[in-house]
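Dear colleague,

I am handing over the structure below, and after it you will find my notes on what turned up in it. Please read them with the coordinates open beside you.

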Amino acid sequence: MMSDKVLYQQDGPIVTLTLNDPGMRNPISERAMVDAVVGAIERLNQDRAARVGILTGAGTAFSSGGDLRAMKQAFEDRAKQPALTPQYYKFGIQRIPLAFEKLDVPIIAAVNGPAIGAGLDLACMCDMRIAAESARFAESFVKVGIVPGDGGAWLLPRVVGYSKACEMAFTGDALNAAEALACGLVSRVVPDAELLDAAKALAQRIAVNPPYAVRMAKRLLVEGRHSRLDTLLELSASLQALTHATADHREAVNAFLEKRAPVFKGD
């Protein structure tokens, strides 16, 4: 199934979301794409058959980030009414990181080309990142005289560390795929033609595990980014009580003791 801006393609437990504006290099700043991305992420989160998501871009770019043509058209309005700009962001692109924050399904960014500005931040919203050799990454807001308005200042340091995030944000310089691998921005680089196969292979390794346990493990990792240890331990104990009551937990233990492959049904 598809919308105008984002394709939603399901293959068993794996869902591939594709930003679908290749002619514009998949910008994500304007309302139609924001609505499409948020809608796709919410749909993925509610899809009980989905165990893993993959996010990629149509054409030769992952995402060019902001639409510079739209920015130019808004010069005068933004200058005359600066108080409207926070509303533009709050009800626009800032809805995307908030949707990702609520997403319990693990999601892999398959970065198939340039991921620039908000496009880089979008990749950082995903749990894992695999890059094609042609991928490029830039926290480039400073190059057009603005700051990250989509949560990049929160996301990027948690992925590459504070010092590297500062270097990227203050210079706006681009990293190639090998440089992204070296700083931990991505976990793997593959030839362009192998990107989706590599992402699907990783997704399949996740999808074979009990889906409730995977979703709850992700929730703990997400909450662990800003929780105190005692708070996270309390949440861990509560989620553990739920996992211990699942049929998949019993199946996993029995299969291990019986030396056979487990079959998980999400029960």
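**Salt bridges**

Glu258 forms a salt bridge with Arg260, with 2.7 Å between the closest N and O atoms, a salt bridge being a side-chain nitrogen of Lys or Arg within 4 Å of a carboxyl oxygen of Asp or Glu. Salt bridges that share partners also join Arg31, Asp35 and Arg95 into one network. This is a predicted model, in which local features need pLDDT of at least 70 and side-chain atom pairs count only at pLDDT 80 or more, while totals for chains, interfaces and linings use all residues. Residues are numbered from 1 along each chain as its sequence is written, and side-chain values use heavy atoms, with hydrogens and water left out.

A search of the whole structure finds 12 salt bridges. One of them pairs Asp173 with Lys143, where the closest N and O atoms are 3.9 Å apart. This pair links distant parts of the chain, 30 residues apart, with Asp173 in the loop between helix 8 (162-171) and strand 8 (174-176) and Lys143 in the loop between strand 7 (136-138) and helix 7 (152-160); helices (H or I, at least four residues) and strands (E, at least two) are DSSP runs, numbered from the N terminus. Asp173 is partly exposed at 43% relative accessible area, whereas Lys143, at 55%, counts as exposed, where buried means under 20%, exposed over 50% and partly exposed in between (1.4 Å probe, protein chains only). Lys164 and Glu167, by contrast, both lie in helix 8, 3 residues apart, about one turn of the helix, and their salt bridge has its closest N and O atoms 3.4 Å apart.

In helix 12, Leu232, Leu239 and Thr243 are buried. They cover an arc of only 55° around the axis (taken from the directions from the helix axis to the C-beta atoms), which puts them on the same side of helix 12. Leu233, Glu234 and Ala241 are exposed on the other side, while the cover over the buried residues includes helix 11 (211-224) and helix 13 (247-257).

Ile107, found in strand 4 (residues 107-111), counts as buried at 0% relative accessibility. Leaving aside neighbours within four places in sequence, Ile107 is in contact (heavy atoms within 4.5 Å) with residues including Leu17, Phe100, Met128 and Lys218. Thr18, in strand 2 (residues 14-19), is likewise buried, at 9% relative accessibility.

Best regards
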